[in-house]
Amino acid sequence: MARIAGVNMPTGKRVIIALQYIHGIGPKKAEEITTALKIPAERRVNQLSDAEVLQIREMIDRDYLVEGDLRREVSMNIKRLMDLGCYRGLRHRRQLPVRGQRTHTNARTRKGKAKPIAGKKK
């Protein structure tokens with residue numbers, strides 16, 4: 001089982017798909033990595049040699065921001081917005097949608113379960 005960037009790669013899957021299990025690597029970056037290292041598209045993780053796994057690991061460490069470092073940078077960016085007190089930071093602080101979506105009827109994913117209005121009787 002190949003372990004790259006702290007993530008166990010699923011052995012039966014193609015390399016391009018398995019690389020996407022790493023946070024910060026999507027389809028485009030996975031394809032870039034495999035073409036740069038000349039790994040065939042149909043190759044599976046369990047067919048990779050130790051040298052190829054090492055090459056992939058080194059390339060990801062050298063060229064890409066992934067997993068813990070990426071999560072840390074994103075959280076620091078959000079914290080910076082909140083500290084500045086800008087509009088996006090305020091929306092993050094109140095746990096509301098940040099990118100202009102409507103909140104009157106939707107946004108349940110971000111706002112959480114609907115809360116009944118207490119004390120209102122007819």
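## Pocket, cavity, core and salt bridges

Val74, Asn77, Ile78, Arg80, Leu81, Arg88, His92, Val98 and Arg99 line the largest pocket. This is a predicted model, in which local features need pLDDT of at least 70 and side-chain atom pairs count only at pLDDT 80 or more, while totals for chains, interfaces and linings use all residues. Residues are numbered from 1 along each chain as its sequence is written, and side-chain values use heavy atoms, with hydrogens and water left out.

The largest pocket holds about 170 Å³ of space. A pocket is an open set of points on a 1 Å grid over the protein atoms alone, with protein on both sides within 12 Å along at least five of seven lines; a cavity is a set of points where a 1.4 Å probe fits but cannot get out; lining residues have an atom within 4 Å of a point. Grid points are joined across faces, edges and corners, and a volume is the space filled by probe spheres set on the points. Helix α4 gives the largest share of the pocket lining, five residues. Both α4 and α5 (87-93) supply at least two residues each. Helices are DSSP runs (H or I, at least four residues), numbered from the N terminus. By class, the pocket lining has four nonpolar, two polar and three charged residues. Here Ala, Val, Leu, Ile, Met, Phe, Trp, Tyr, Cys and Pro count as nonpolar, Asp, Glu, Lys and Arg as charged, and the others, Gly among them, as polar.

The structure has one cavity of 30 Å³ or more. The volume of the largest cavity is about 40 Å³. Its lining consists of Ile4, Met9, Val15, Ala18, Leu19, Val45, Leu48 and Ile56. That lining is eight nonpolar residues, with no polar and no charged ones. Helix α1 provides the largest share, three residues.

Next, the core. The largest nonpolar core has 21 residues, and Leu19, Ile22, Ile56 and Ile60 have the most contacts inside it. Helices α1 (15-19), α2 (27-36) and α3 (50-63) each give two or more residues to this core. A nonpolar core is a set of buried Ala, Val, Leu, Ile, Met, Phe, Trp, Tyr and Cys residues joined through side-chain atoms within 4.5 Å. Ile56 touches Ile4, Val15, Leu19, Ile33, Leu37, Ile39 and Leu48, not counting residues up to four places away in sequence. Contact means heavy atoms within 4.5 Å.

Asp50 lies in helix α3. Asp50 is exposed, at 69% relative accessible area. Buried means under 20%, exposed over 50%, and partly exposed in between (1.4 Å probe, protein chains only). Asp50 and Ala2 are 48 residues apart in sequence and 8.6 Å apart in space, C-alpha to C-alpha.

The structure holds five salt bridges, each a side-chain nitrogen of Lys or Arg within 4 Å of a carboxyl oxygen of Asp or Glu. Among them are these.

| Asp63 | Arg62 | 3.3 Å |

Asp63 is partly exposed at 43%, and Arg62 is exposed at 58%. Glu67 and Arg71 sit four residues apart in helix α4 (residues 67-84), about one turn of the helix. Glu67 is buried, at 17%, whereas Arg71 is partly exposed, at 46%. Asp83 and Lys79 are separated by about one helical turn because they lie four residues apart in α4. Asp83 is exposed at 57%, and Lys79 is partly exposed at 44%.
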